[in-house]
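Here is a short report on a protein model.

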Amino acid sequence: MNISEALEKRRSIRSFSSRPVARELLLELAQAGRLAPSASNLQAWHFFFLTDPELVKKVDLFSPGLSGHPPVILAICSDMGYARVHGSPNSERYGCIMDAAMAAENIMLKALDLGLGSCAIKSYNDAAIRKLLKLPEDYRIEILISLGYPEGEPRPRRLRPMEEILHFNAWQEEA
Amino acid sequence: MKQENYFELLVYMITSAAGLPGEPRIYGPLRMIEASERLCGLMLEEEPENRDLQELKSIIEAGKQKTTSDEEGFYQMLQDAAAKLTDMV
C-alpha cells in the first residue's frame, strides 16, 4: 500500500474481532513508531503493548472513550524524567505529546498496512490506567490506541470543507 | 455475573464523570446515552423478549455512531429515544 492510499484508507475503528494479533506484527508497529520524527531527537517515548486479556479488559473498563473491545491496547508514554534531563522545558510542555502523536500516526498507518484497525483515544482515566500499568512516577501517558482486526464498517467520515481550513501566505479576512 | 455487569456500568459512569470536565460538550450526552444503552442491555438480560427494550437499544446503537459525523442526527436520536420511552410507561 502506498502512502497516499494509506492516508485515504485509514479510519478510526471502533469494532474489533476477537482474533489475536501476532507478536511479530506488534513489533512491526513498534518499529513504525520509533521511526517517527522526535523534537530535538529526544525519543522519550515508551510503547506499552497490552496483550494480556485480563489487563486489556481492565484498561478497557477504565477508558470510556475506547470502543469495540480491542484484543490489544497500546499505551504510548513519555519518560518525563528522561525528558527533563535530556530535553528542555518545552519537551514537557508540548514536545513529548507531539512526538507521541507523530509516532501514533505512523503506528496507525502501519497497522492499516498490516490489515489491522486502530483508534487513538484520550478519554481514559489517567489515575486508574497508571495504577493498572504500574507506571513509574515520571512516566506520563500520552495516548492510548486500540488495535485489532476490524469488524464491520467505520463511522462515516466527516471532514471540514477545504476552503474553511486552507490558507496560502498571510491570513486574510473573508471578503 | 450480573453483579459484574453492574460493576462495569458503575466504572463506566464514574470514569466518564471524572473525565467529562475536559471533554467536548457533546461527550456529556454521549456518555449518558451510552450508559443508558448498557443499562438497557442489563434489563434485556432479565427480559430478553421485551420488544420495547430491544427497539430502544437499536435506536441508541444506530444514533450514537453519529456523534462525530452528524451532530444533528445524534441529538435527534436522543429525542427519539426519549419518545420511545412513552411506549413503555
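A:Phe47 is partly exposed, with a relative accessible area of 22%. Buried means under 20% relative accessible area, exposed over 50%, and partly exposed in between (1.4 Å probe, protein chains only). A:Trp45 counts as buried, at 10% relative accessibility.

This is a predicted model, in which local features need pLDDT of at least 70 and side-chain atom pairs count only at pLDDT 80 or more, while totals for chains, interfaces and linings use all residues. Residues are numbered from 1 along each chain as its sequence is written, chains are lettered from A and ligands numbered from 1 in the order in which they are written, and side-chain values use heavy atoms, with hydrogens and water left out.

**Aromatic pairs.** A search of the whole structure finds 3 aromatic pairs over all chains. The table gives two of these pairs. Rings of Phe, Tyr and Trp (its six-membered ring) pair if their centres lie within 6.5 Å; planes under 30 degrees apart count as stacked, over 60 as edge-to-face and the rest as tilted.

| Rings | Centre distance | Plane angle | Class |
|---|---|---|---|
| A:Trp45 and A:Phe47 | 5.9 Å | 40° | tilted |
| B:Phe74 and B:Tyr75 | 5.5 Å | 65° | edge-to-face |

B:Phe74 is buried at 0% relative accessibility. B:Tyr75 is partly exposed, with a relative accessible area of 34%.

**Charges over rings.** A:Arg19 lies over the face of A:Tyr149, 3.7 Å from the ring centre. In chain B, the charged end of B:Arg38 sits over the ring of B:Tyr12, at 4.0 Å from its centre. The criterion is NZ of Lys or CZ of Arg within 6 Å of the ring centre and within 35 degrees of the ring normal.

**Strand 2 of chain A.** Strands are DSSP runs (E, at least two residues), numbered from the N terminus.

Strand 2 of chain A pairs antiparallel with strand 1 (residues 45-50) over 6 bridges. A:Trp45 stands opposite A:Ser78 there. Strand 2 also runs antiparallel to strand 4 (residues 139-148), joined by 8 bridges. A:Ile76 stands opposite A:Ile143 in strand 4. Pairing requires at least two DSSP bridges between two strands.

Definitions and conventions: Helices (H or I, at least four residues) and strands (E, at least two) are DSSP runs, numbered from the N terminus.
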